[in-house]
Structure formats: structure tokens, C-alpha cells
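Visitor: I would like to learn how to read the packing of strands and helices in a model like this one. Could you take me through it step by step?

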Amino acid sequence: MIDVNYIRQQFPILNRKVNGNPLVYFDNGATTQKPKRVIDSIVNYYSELNSNIHRGVHTLSREMTIEYENARIAVQKFINATYAHEIVFTKGTTDSINLVASSFSRAFLKPGDEIIVSEMEHHSNFLPWQNLRDEKGISMKVIPLTKEGELNMEAYKKLLSPKTKLVAIAHVSNSLGLVNPLEEIISEAKKHGAKVLIDGAQAVPHLRVDVQKLGADFYVFSMHKLYGPTGMGVLFAKEELLEAMPPYQYGGGIIKSVTIEKTEWADLPNKFEAGTPNIEGGPATKAALHFVNEVGMGNIAAYEHELLTYCSDQLGMIEEVEVYGNIKNKAGVISFNIKKTHPFDTGTLLDNMGIAVRTGHHCTQPLMRHLGIPGTVRASFAVYNTKEEIDIFINGVKKAVKMLL
Ligand code: PMP
């Protein structure tokens, strides 16, 4: 059980008006709003702790280094990684995937090797692999989708072969909210000795994730979609892989020693964190996870499921609306269009009513092509949303239907 009023009080932005109406924020898939403790942690950092980390002997630097490393431990516990040094901080999901594409490929891939992705991937989990194909001669195979937009698992199994070195797949689709069958995806990949990267950007805000139980080799996400700061991403990778992979970027902080002849890399995870990081993102990450843990991931999942079902049922009753990805196993997201209209028009009308939704292709153009549409209107939920807001939204969609048709 959650106390949504108590939760809402913690998010200052929810008090503001947009176009004369109370804000209804249903664009959580793009980024969530931040609770006060996250905002305060950033103010506190610049008021009390500002210093560079990891290399200072002075008090501020030492204190802040401990704070930053505590954030890593908080992430480790949140996803149940074996070691804190299996958590690499990056700029976000995109940065984490680019790190793996660059570094894993240099350590493990040669021309002719194969990577498998799917047709539903966010461009962030598509373009880095396509680029490896075009620049390095690595083959990229794409799992096709069913009519509803689910992965065609039979086709996936046929794509796997001893040449498959990596399967890179979303945990939850950002455009349709479909939850992919990771257990089967991972166990099939392992039969062929392939590594698996899971794009968890849209999963960690809605589901409990245990990377040890999953058995994923890489799991990536962005803190800004999880009530945390922008510029703070997570790459979880198994220790033995990180040990075998070369640095992604080169610069300060990643070395044990440098001579003109040669460099010895620092221990994990520092080898992958060149340069000054998003320092204030450390305490802000810790504060965001503190918020999530306090509410409870199980409670968040159950409550959001209620919201999703409530909203889907009502949207489904509007004859002029087409809902995409209409299957049971979904998290956080509903995608739809008012038939025969463009999603931008619906989005603009809803915005006039103070309702924030996302419209367009959601950085998944191959998926949109598969569905035969230019884009969708996407409503995505967070734990501070309410059924009353859904009622306002449904009324808004009905008004938009009247105005557009
Ligand atoms: N993958 C998925 C599934 C996403 O939803 C997003 C964000 N829309 C990304 C990757 C990219 O995340 P970021 O922009 O935080 O790097």
C-alpha cells in the first residue's frame, strides 16, 4: 500500500500549473520528476561539500569521495550486484551502451561475429551496434516482432548460433511498455555462449531488478528516469568482463601509473571513469534510491499496475482510439493514437489542458515502421500519479477526439 498524497507532497513541481491547469505529468518515460530530498542533496553538495573526488587529501574531497562511493554501494544493493566495483557510473543509458559497444568490441569481437538486437529497441540500443556493423564488419541480426509488437521468440532462437557474441535487448519497451521474457532470452543466449546486455532504462522505475538472478552480463539504466539526477547513468557488468575490457575513454583517474612507454590501469571501476564525473549526481542518486526504497519497489510496481489497468480499460472504451501493444505483461507505458489523426495534434491539445504526454516515434523508428505509423501518443506513469489524473487525461482525450474528428 502506498500513501500517494504523502508521496506527492515530496515533489514540488507537482504544485505548478501549466496553461492555467494543474500539471498532470504523464511523461515519466522521458524523465521522472524529482523528490525534494534529491533537489536538497544537490543544494547541499554545492553548499557544503563541493570538491573534486578520488584524488584529494583534504577534508572536503575525502568527505565527498565517501559520499560518491556510497552512491555506488546504494546502486549495487538496489540491483543486487555482487560487488560495488561492478557498477560503473556513466552519463546515462546511452553512454553505458556506447561504452560496452566500444570496449567489449575491442576486447572480444572480430569481423564476421554476430550481435543480435530487436526491432523494438530504442535508437540508443540500436545505433551503437549498427555502427559496429558498418565500421567493423560485425554482423547485426534483428529479432522481428509479432503484429502486436512482441518479440518473435521462435525467430530469435533461429538467429542464435555459435557466431553470436552478444544479444542486446530492452527489458521493457519504451514505446509500448511490453515486458520482454528475459529469462528465456538470456538462457537461450547462454546455450550458444553469447553475452547479454539488457537495456533497463524503462524497467528499473517499474520493476524489481536483480542482476544476479537474471544472469545478465550487462545491465544499463539512467537515474533521471528513476527520480534521480540527469547526467548519471549506470553500467552494471560482471567483474570478469570489466577486467577483460579496455578503457572506454582515456584521461585522468583511470590509471595506477603512467610512463612515456606504458600505462597501468586503475582497479575497477575507476578504469572506466575517466575525467571529473557528475559529482553532485552521487548524493542525488543516493537520495533517489532512498526515496524508491522507502516507498518499496514492490509497492511501486503494484500501484503503477493499477494505474495502467485503470487507464487502459478506459482508453479501450473510446471507439476513436487505437491502443498499441495491447498485451498483459506491460509496465509503466500506454501508447495510442486517435484514429486518422497525427499524435502531435493530440499532444498539443492535451498540453493546452496541462497534461504532459510524449508524442512521436520515441526514438524507435524501426518499431514505428513495423506498426505502419509515424508515431504514437505515449502516457507513462510514476508512483506520484493518481486515478484522478487519469480521469482528467481520459476527459482530455475525449475532448481531443471531438476537436480533431
Ligand atoms: N533506452 C530506452 C529503452 C529508453 O527509454 C531511453 C530513454 N528514452 C534510452 C535508452 C536512452 O536513455 P538516456 O537518454 O537517458 O541515455
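Visitor: What is the order of the strands in the open sheet of four strands, and is the pairing parallel or antiparallel?

Guide: Strands of a sheet pair through backbone hydrogen bonds, either parallel or antiparallel. In this structure, which is a predicted model, the order of the open sheet is β13-β14-β17-β16, and the pairing is antiparallel. The edge strands, each of which pairs on one side only, are β13 (321-324) and β16 (358-360). From one strand to the next, the twist averages 30°.

Visitor: How many bridges join β16 to β17, and which residue is the bridge partner of T359?

Guide: β16 and β17 (residues 376-380) run antiparallel and are joined by three bridges; T359 has V377 of β17 as its bridge partner.

Visitor: Which strands does helix α12 lie across, and which does α14 lie across?

Guide: Helix α12 (residues 343-352) lies across β14 (333-338), β16 and β17, and runs at about 160° to β16. As for α14, that helix lies across β13, β14 and β17, running at about 20° to β14.

Visitor: How should I read the crossing of α11 and α14, and is it left-handed or right-handed?

Guide: Begin with the axes: those of helix α11 (residues 297-316) and helix α14 (residues 387-404) come within 10 Å and cross at roughly 25°. Because angles under 35 degrees count as roughly parallel, α11 is roughly parallel to α14. Their crossing is right-handed. On the α11 side the contact is made by E306, L307, Y310, C311, Q314 and L315, while α14 contributes K387, I390, D391, F393, I394 and V397. Sorted by class, this contact of α11 with α14 has eight nonpolar, one polar and three charged residues.

Visitor: Now the other helix pair: at what angle do the axes of α4 and α5 cross, and which residues make the contact?

Guide: Helix α4 (residues 93-108) and helix α5 (residues 127-136) have axes that come within 9 Å and cross at roughly 30°. By the cut-off already used, α4 is therefore roughly parallel to α5, and α4 passes α5 in a right-handed crossing. The contact brings I97, N98, V100, A101 and S105 of α4 together with P128, W129 and L132 of α5.

Visitor: By class, how many nonpolar, polar and charged residues does the contact of α4 with α5 have?

Guide: The contact of α4 with α5 has six nonpolar and two polar residues, and no charged residues.

Technical notes:
Residues are numbered from 1 along each chain as its sequence is written. This is a predicted model: local features need pLDDT of at least 70, side-chain atom pairs count only at pLDDT 80 or more; totals for chains, interfaces and linings use all residues. Side-chain values use heavy atoms; hydrogens and water are left out. Axes are lines fitted to C-alpha atoms, for helices over the stretch in contact, and angles run from 0 to 180 degrees between N-to-C directions. Helices (H or I, at least four residues) and strands (E, at least two) are DSSP runs, numbered from the N terminus. Angles under 35 degrees count as roughly parallel, over 145 as roughly antiparallel, 65 to 115 as roughly perpendicular and the rest as oblique. A crossing is left-handed if the near helix is turned anticlockwise from the far one by less than a right angle, and right-handed if clockwise. Contact means heavy atoms within 4.5 Å. Ala, Val, Leu, Ile, Met, Phe, Trp, Tyr, Cys and Pro count as nonpolar, Asp, Glu, Lys and Arg as charged, and the others, Gly among them, as polar. Two strands pair if DSSP finds at least two bridges between them.
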